[in-house]
Amino acid sequence: MKRIVLAVCLIGWATTSVAGWVCECVGEPVPLCQGPTWEKAGWGPYQFPRAFVLEDGHVVCSVHVSRDAITNYADPYRWFETRDGGETWREVAPEVADRCGVCLANGDVVSFPLENSSVLTGYTFTGFEKRLPDGKWRAPAEGKRFPVPDGARGDLFGSVAYAYLAERLPEEFRSASWLVRRLRAGASRAEDERAAVDWPMLTRVVHAHNGFSNPVLKAICPKGDAKLGPDGAIWVSCFSGEGHIDPETRQYSPYYAAELFRSEDGGRTFTRRSHMGYPADGRAYPYASGGFSDNDFEFLPDGSMIWFMRSNWYGTTGEEQSPMYVTRSTDMGRTWTMPERFSDLGTFPRVIRLKNGALAVMYGRPGLFVRVSEDGCGRQWSEPLELLTAGDRSSLANRPKANPSFHDWDGECGNGAFVPVSEDTALAIYGDFYWPDAQGVKRKTILARKIRIRPVVGTVTPSR
């Protein structure tokens, strides 16, 4: 059993309080489902689990079974549930998705499903050669013609991401809205709605090859987990990009930017509360970065907020491992501290609070780790509890390669889920490309691992 004991120093009079935390893995990983082998499927299928705690306390989890592409985000998922805290799992009908989301005070449950990107048929495009010094290229589009892009960046796969200030696009693309799935109190099936989103300097991105061949408009749906804040509002995170128009400078930035939105009317409208652009400087913030993309946040008992952000993006940098950053706010997300490096890696941070007060974050790629806040407010953190090693796992493959790629080496996804299941226990749900089936064949597998975080309570008498 892996275990980390954290000590907390309390200053003041002797008191009975939390003197530390014990963070440990409980039992062995439990498979939710298995797919093809890594050698056959490659990257994409049987990855990206998303977990939800339902109103009756049991946990359901969706598993992405399609290729990893912006045109496949909303493809059908497989769904699984556990009613015993992760000990056993069974597949359930996809209609369970109706019950997954934020439960509001009126009994409604709302969620924000991923959306597929749109193939742009019947539109024409204007190239950068029309970007003349007179500035007229900034004029809004007319009809079905896209204007000169505000900026662009290429990737390692031959695609170019053209960024446009949305107010310059054809009329049908100028405003922002998200798909909302609402299960009304007492209803048996959810209904789909569109939420209007107030997104200053909204940037839309078109992916294309060989100039403007096969253009696809990327969806702007939130990819983060929605949470109910202490103010009663729905909060949800997402990110701009690839590349965006900075709302302060109004200039094109080639990086992703993390965004936080909130809704005071039960998810019918959203306004942006926070924008965090990537301040590339070649030192604390390397130039070879994707910017701040996948991110997660949590509300803390002292009234502050904490926000974790990924920065690696292989497609544009060739870097699979880049720093993960953390920032804090003491005014409900209106202003934030300058992001600080939290870890040398961290692709998909997921941060939670347990009912016993523990604050924990899970992140990975390479490897998978959990850290616990020693002070409960995110200023001091434990050493990582290792769920998967960051070392070379390629020898575990069915047919190990002499010269492995990064994903052969890592042998896991890194995009996991992390949810509370009891007062002191959470489930870490993640992908392992090398988990054996009953015949010993290593398959892409989604695993669930119990993580217990218990306070050490006692009388602490600090020296003065």
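**Entry 1**

What does the side chain of E115 meet? R194, in a salt bridge with 2.9 Å from N to O. I then looked up where the two ends sit. E115 is in the loop between β8 (109-111) and β9 (118-119) and R194 is in strand β15, so the pair ties together parts that are 79 residues apart in sequence. R194 comes out as partly exposed, at 46% relative accessibility.

I stayed with β15 and checked E193. R182 forms a salt bridge with E193, and their closest N and O atoms are 2.9 Å apart. That pair links distant parts of the chain, with R182 in strand β14 (residues 176-183) and E193 in strand β15, 11 residues apart. Buried or exposed? R182 counts as buried at 0% relative accessibility, and E193 counts as buried at 18%.

Then I went to K401 and D408, whose side chains meet in a salt bridge at 3.3 Å, N to O. D408 is buried too, with 4% relative accessibility.

I also found a network of salt bridges that links E55, D56, E81, R83, R90 and R99. How many salt bridges did the count come to? I get 35.

**Entry 1: the sheet that holds β15**

Next I traced the strands around β15. There is an open sheet of 8 strands, and I wrote its order down as β7-β8-β14-β15-β23-β22-β19-β18, with mixed pairing. Which strands stand at the edges? β7 (102-103) and β18 (227-228), each with a single partner strand, so one side of each is left without a neighbour in the sheet.

I went through the pairings of β23 one by one. Strand β15 (residues 191-198) and β23 run parallel and are joined by 3 bridges; D198 has T271 as its bridge partner in β23. On β22 the sense is antiparallel: strand β22 (residues 257-263) pairs with strand β23 (residues 269-276) over 5 bridges.

The hairpin of β22 and β23 has 5 residues between the strands, and in it G266 takes a positive phi near 75°.

I moved on to strand β26 (residues 324-329), which is mostly covered, with 6 of its 6 residues buried. A reminder to myself: side chains in a regular strand alternate between the two faces of the sheet. In β26, M324, V326 and R328 point one way while Y325, T327 and S329 point the other way, and all of them are buried.

I checked the two pairings next. Strand β25 (residues 305-309) pairs with β26 in the antiparallel sense over 5 bridges, and F308 stands opposite V326 in β26. β26 also runs antiparallel to strand β27 (residues 340-343), to which 3 bridges join it. There, Y325 stands opposite R341 in β27.

**Entry 2: A163**

A163 lies in strand β13 (residues 159-165). It is buried, with a relative accessible area of 0%. What is it in contact with, leaving aside neighbours within four places in sequence? I listed P149, D150, G151, T203, R204, V205, E242, G243 and Y252. I also took a distance: the C-alpha atoms of A163 and H207 are separated by 9.0 Å, with the two residues 44 apart along the chain.

Y314 has its place in helix α2 (residues 314-317) and is partly exposed, with a relative accessible area of 34%.

**Entry 3: confidence**

Last, I looked up the pLDDT. The mean for the protein is 93, and 94% of its residues reach 70 or more. Residues 7-16 fall below 50, with 26 contacts in the model beyond near neighbours in sequence. pLDDT is also under 50 over residues 459-464, where I found 13 contacts beyond four places in sequence. My note for both stretches: where pLDDT is low, the predicted coordinates should not be read in detail.

Terms used
Residues numbered from 1 in each chain as written. Predicted model: local features only at pLDDT ≥ 70, side-chain atom pairs only at ≥ 80, totals over all residues. Heavy atoms only, no water. Helix = DSSP H or I, 4+ residues; strand = E, 2+ residues; numbered from the N terminus. Buried < 20%, exposed > 50% of the residue type's maximum accessible area, 1.4 Å probe, protein only. Pairing = 2+ DSSP bridges. pLDDT = per-residue confidence, 0-100. Contact = heavy atoms within 4.5 Å. Salt bridge = Lys/Arg side-chain N within 4 Å of Asp/Glu carboxyl O.
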